[in-house]
Amino acid sequence: MNQNRYRAWLGSAILVMATLPAGALLEFAFGTGRWGWLVRGYMVFALLLLVVYVVAVFLPGLRVRQKLAALEKSCDLHKTGLSNVLNNIRHGDLVEALTPGADLPLGIEESVVAAVGALSGLVQQIQTVSIEIAGTANSVRDTSTQLASGSSEQAASVIEITATMEELARTAGQIATNASSQADLAAQSEVAGKSGAEAIESAVAGIESVREGMGVIAARAEILDSRSREIYQILDLITDIAQETHILSLNAAIEASTAGEHGERFSVVAREVRRLAERSRESVESVRGLLHEFTTAIHAVVISTEEGRKKTDVVADQSRATAAAIEQLSAALGNTAQAAQEISLATQEQQTASQEVLLTVREESDVITEIAEGLEEFTDAAINLNQNALSIQLLSQAFRLESSHSLKHLVYQIALKVGPVFGNFEAVDRVLQGVFAELQYVEMAYLVDLQGHLVAFAVNQDLIRVDAEKSVVAVGQSYSDRPWFQNSSRDNQTFVTPVYQSLLTGEQCFTIVVPVKHRDGTHKATLGVDVNVGNWTRI
Amino acid sequence: MKMESHANHADQFEMFLVVRCDSEFFLIELDRVQRVIDNVSIYPSPFMVNGMMGLSRFGGEPLIVLSLESLASQGPPVRPARMTVIVVRVGGSDEQQGVGLAVDEALEILSLEGVDSEDLSDEVVSAPFGFGGRQVRRVNLQALSDQRHQPVGGNQPNQRSDI
């Protein structure tokens, strides 16, 4: 600018410096002669020319140069404002980009706001859609996984059904064979049952005959018992006679003894009579003993006969019942033979049907296997879709929007809470602990100073074990070599890392880094939030 | 003592009637036996003394019937199932009286050698002694006759009352 200003004055100076020496030379040559008017006229013309130059060239040029300088300054301001907007857009901060300030001309500002608004809406739509795609992909994956699992179980069930149907077909064949054999056996048993019934009828007739014979024996035994009682009476009479004879012989002997020698013969006779009476009594006792044995035997015969008759009654009743049962059994066996024949036919048909079902089930098994394989591919596709949606979501999270889906914005809000209380670590800790109440998918929130040292942190106890926290995280730990810290420190902007494996949970996570600023906008620290991908996409 | 079944030797042998009461056997002098009767009806008497079973009838005269088993055991009279009464004569030659001894059975008549009546004590029934493989007791009818003449001393078991 100063160079142009000097350049403007240089024209006037050259004009003056060229006019004045020319006038001096003309004055020297023609000052006093007839050519003096020429010199004077030249001088007037040079002055006029100088005035004209100043008025017509120099002064307008000066005003133009002043306008150009103002325009250049304005352009610089516009360029700076536009650069800020673009820089915010480059760092994805569409919220800041929506407030470009007064540096931009109104038309450009409106256009920039409209463009950023359109971009913001687009990104918001992308975030929303990607979330929906991820959720849908998750649902599809879960469904397809369940279907695949169900198909596998179904395939296994079909295999079992196949085995069962094979067994059923085989069993049906065996049943048909057995039923046929059973029908033959039942027919044979029916014939045997009829023969058995006839044999039992003959046996019943025989038993009736035996029973009648036993009745005759019992009647005769009763007669014998009556006769033996009569014999007892006779024996009693003989005993009485023998006793009387004995008494008589004793009295005779007494009388003989009183008769002295005259009674000796009589005494001998009396003694013989007494002996006869004694023998009679002994014989009677012997007969009585024999008769007792005889009557005992008769009583035993009577009792045995009675028992035998009762038993024959029982046997006859049982035989009749057996005959009736055999007749029923024979009839049942006839029915059984017919039923077994029908069963045989039915099971043969069942065997044929089972084989047909078996073929169908095998075909179904192949189809189910194909479905299971297709579902596995479908599951893989759903997983890929989910991953892609997640990638899109992560890419869209590079932009900060005024949206509940914008993690950058959410973390930015936390950074706004941390900024005023920075230095009061209890307040900072409360803010960090409060993160998990709203953002349950956050594994850890932490604050790193400008040198990259961890100054405060809070972990989500619902996601992380305490021992893992102690082994991985510690205050004073240096993060200065981490790319996210370097980027954040360099650009003083929010930053989203790619997905990596968390040391705390072993699961996938990514980190959102937001600079914590003072009220005057100076960078004081960096807030980091580790987001658990699984829980985040689930929510 | 030696026994024989002969009545020929009246000087050396004494003849006895062998009777049985329950499981005991008794010897009764045959000289004093008057009759053996069976199926005798015995009626109770209002003046019953020890050993007396009652009154019966023999030869148209009343007959006092004593239980031989009761006399031997000095217990109450026992009525056997089938009773046989031995009618014996008691008392001296001038005043003999028939008395019935109720027994279960009259078995036989036997001779007993060397019997001395003076050896007998004044007991009605002697102590048992061996004879023919069994224990027998002799009935002392003289003692029974002597006791019959003793005054009445009540109904004590060891006292004999006048019949």
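How are α2(A) and α4(A) oriented relative to each other? In this predicted model, helix α2 of chain A spans residues 36-90 and helix α4 of chain A spans residues 106-258. Their axes come within 12 Å and cross at roughly 0°. Angles under 35 degrees count as roughly parallel, and α2(A) and α4(A) are therefore roughly parallel to each other. On the side of α2(A), the contact is formed by Leu82(A), Val85(A) and Ile89(A), which meet Val112(A), Val116(A) and Leu119(A) of α4(A). The residues of this contact comprise six nonpolar, no polar and no charged.

Helix α4(A) also packs against α5(A), with the two axes 3 Å apart and an angle of about 175° between them. Since angles over 145 degrees count as roughly antiparallel, α4(A) is therefore roughly antiparallel to α5(A). The residues in the contact of α4(A) with α5(A) fall into 73 nonpolar, 47 polar and 20 charged.

Over all chains, the structure holds 22 salt bridges.

The description now turns to the interface of chain A and chain B. The size of an interface is often given as the accessible area lost when the parts come together. Between chain A and chain B, the buried area is about 1,300 Å², and carbon and sulfur atoms give 49% of it. Chain A contributes 15 residues to the contact, and chain B contributes 18 residues.

Side chains of opposite charge can pair when their charged atoms come close. Two salt bridges are counted between chain A and chain B. Arg35(B) forms a salt bridge with Glu255(A), in which the closest N and O atoms are 3.5 Å apart. Four residue pairs are found in polar contact across the interface of chain A and chain B, with both residues of a pair at pLDDT 80 or more.

On the side of chain A that touches chain B, α4 and α5 (264-396) of chain A each supply at least two residues. The most is given by α4(A), with 11 residues. By class, this side of chain A has four nonpolar, four polar and seven charged residues.

How values were computed: Residues are numbered from 1 along each chain as its sequence is written. Chains are lettered from A and ligands numbered from 1 in the order in which they are written. This is a predicted model: local features need pLDDT of at least 70, side-chain atom pairs count only at pLDDT 80 or more; totals for chains, interfaces and linings use all residues. Side-chain values use heavy atoms; hydrogens and water are left out. Axes are lines fitted to C-alpha atoms, for helices over the stretch in contact, and angles run from 0 to 180 degrees between N-to-C directions. Helices (H or I, at least four residues) and strands (E, at least two) are DSSP runs, numbered from the N terminus. Angles under 35 degrees count as roughly parallel, over 145 as roughly antiparallel, 65 to 115 as roughly perpendicular and the rest as oblique. Contact means heavy atoms within 4.5 Å. Ala, Val, Leu, Ile, Met, Phe, Trp, Tyr, Cys and Pro count as nonpolar, Asp, Glu, Lys and Arg as charged, and the others, Gly among them, as polar. Buried area is the accessible area (1.4 Å probe) that two parts lose on being put together, summed over both. A salt bridge is a side-chain nitrogen of Lys or Arg within 4 Å of a carboxyl oxygen of Asp or Glu. A polar contact is a pair of N or O atoms within 3.5 Å; within protein, one must be able to donate a hydrogen and the other to accept it, and residues adjacent in sequence count only if both atoms are side-chain atoms.
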